[in-house]
Amino acid sequence: MLSADFGHLDRDTRMIDRSAAEWVHIDVMDGVFVPNISFGFPVLKAISKATTKFLDVHLMIVEPEKYVVRFAEAGAALVTFHIEATTDSKRCIELIRATGAQVGVSIKPATPVEALREILPLVDLVLVMSVEPGFGGQSYIEGSTEKIAELRKLANELNPKLIIEVDGGISAANAGEVFGAGADVLVAGSAVFRAEDPEAEIVKMLNA
Ligand code: ZN
């Protein structure tokens, strides 16, 4: 939703709701973990009212343990925090788990897959950032494909049901390659909202 028109958030959310997309991805930025500020609880609540889709909340905030419960209460079906943003990933996981929401952990481009080894069995999803978090409209970092394949291999060993989600620079041009490397869920922002026909663009990516 970061690439939606915030003056027409209801209209843009309803477009996603009608589309073949299965999840609505919401990027929360605090201006500290990333050099940008997006939105928080009231906007999440407004989005949740305009869709029946699975609400996927990606927290790019420091000390996520302070807020994960409130995001779950505001409507998140999945709460994803950054492993780099906390000194206590296990506590974040426990707090999210206790709300009944699904648990995700995200890694920035410079964070190796190996950093996830200890907590991989405890989470439902890993979100691989394929751009530096903070802004929409960036280009996919090519090395990400290899990283996704490496994560899939580690997950086969430690958590075979793990969902791999990829976020950043995804379009119909690279969706096939990213799915091929082992991703289950792709996040697309500008590729959808800047398309002439956003709903058709979503179908194109799903069929890539
Ligand atoms: Zn995101």
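Rings of Phe, Tyr and Trp (its six-membered ring) are taken to pair if their centres lie within 6.5 Å; planes under 30 degrees apart count as stacked, over 60 as edge-to-face and the rest as tilted. The structure is a predicted model, in which local features need pLDDT of at least 70 and side-chain atom pairs count only at pLDDT 80 or more, whereas totals for chains, interfaces and linings use all residues. Residues are numbered from 1 along each chain as its sequence is written, and side-chain values use heavy atoms, with hydrogens and water left out.

The structure holds 4 aromatic pairs. One of them joins Phe6 and Phe39 in an edge-to-face arrangement, with 5.6 Å from centre to centre and 70 degrees between the planes. Phe6 lies in the segment before helix H1 (9–18) and Phe39 in the loop between strand S1 (23–29) and helix H2 (41–49), so this pair ties together parts that are 33 residues apart in sequence. Helices (H or I, at least four residues) and strands (E, at least two) are DSSP runs, numbered from the N terminus. Phe39 is buried, with a relative accessible area of 10%, while Phe6 is partly exposed at 44%. Here buried means under 20% relative accessible area, exposed over 50%, and partly exposed in between (1.4 Å probe, protein chains only).

The rings of Phe41 and Tyr67 have centres 6.4 Å apart and planes at 45 degrees, so this pair is tilted. Because Phe41 lies in helix H2 and Tyr67 in the loop between strand S2 (54–60) and helix H3 (68–73), the pair ties together parts that are 26 residues apart in sequence. Phe41 counts as buried, at 15% relative accessibility, and Tyr67 is partly exposed, at 34%. Ring pairs link Phe41, Tyr67 and Phe71 into a cluster.

A charge is also found at an aromatic ring: Lys108 lies over the face of Phe33, at 4.9 Å from the ring centre. For such an assignment, NZ of Lys or CZ of Arg must be within 6 Å of the ring centre and within 35 degrees of the ring normal.

Overall, the protein has 8 helices and 7 strands. Along its principal axes, the C-alpha trace spans about 45 × 35 × 30 Å. Buried residues make up 51% of the 208 residues. Of the contacts (heavy atoms within 4.5 Å) with a separation of 6 or more, 62% are accounted for by residues 24 or more positions apart.
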